[in-house]
Every structure is written in structure tokens, then in C-alpha cells.
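This report describes one predicted model in plain terms. Please look through the sequence and the structure before reading on.

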Amino acid sequence: MSTQPINWTKVPHTKLVSDLEDDAEVVEAKAGEKQQREEEAKAEHRRQKEVWKAEEVQRPEEA
């Protein structure tokens, strides 16, 4: 075995990514997921609000 360190720039199939770039991608992905969850929660809240309004309209008609 060689005592020389591996020169990764000579390995063609390896993409070198710094830890900062990797961390930035993770943060960006998490932010995107969080935004999507927030949008889904808002859409669900709007849907629930519409259901409640529809139920309120039906209540006086039933009485």
C-alpha cells in the first residue's frame, strides 16, 4: 500500500464538493421542504375554512 495520499483530482468519476457547498445544499433542501409543508398547511386550513362556512350555511336551512 502506498503512503502517498490519494489525489482525488485524478479520479474522473469523483466530484469534489466542499463541506460548505454540501451544507448549503442541505439547508436549501430543508428550506424547500419547510416551505412546501407550510403551503400545504395553509391550503388545508383554507379547505377547512370553506367546509366550516358551508356547514354554517346549511345549519340555518336545517332549522
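Glutamate 25 is partly exposed, its relative accessible area being 48%; partly exposed lies between buried (under 20%) and exposed (over 50%), with a 1.4 Å probe and protein chains only. The model is predicted, so local features need pLDDT of at least 70 and side-chain atom pairs pLDDT 80 or more, while totals for chains, interfaces and linings use all residues. Residues are numbered from 1 along each chain as its sequence is written, and side-chain values use heavy atoms, without hydrogens and water.

Helix α1, residues 19–62, contains glutamate 25. The chain has one helix and zero strands; these are DSSP runs, numbered from the N terminus (helices: H or I, at least four residues; strands: E, at least two). Of its 63 residues, 2% count as buried.

There is one salt bridge in the structure, a term for a side-chain nitrogen of Lys or Arg within 4 Å of a carboxyl oxygen of Asp or Glu. Arginine 47 and glutamate 44 form a salt bridge, with their closest N and O atoms 2.8 Å apart. Because these two residues, arginine 47 and glutamate 44, are three residues apart in helix α1, about one helical turn separates them.

| Residue | Relative accessible area |
|---|---|
| Glutamate 25 | 48% |
| Arginine 47 | 41% |
| Glutamate 44 | 37% |
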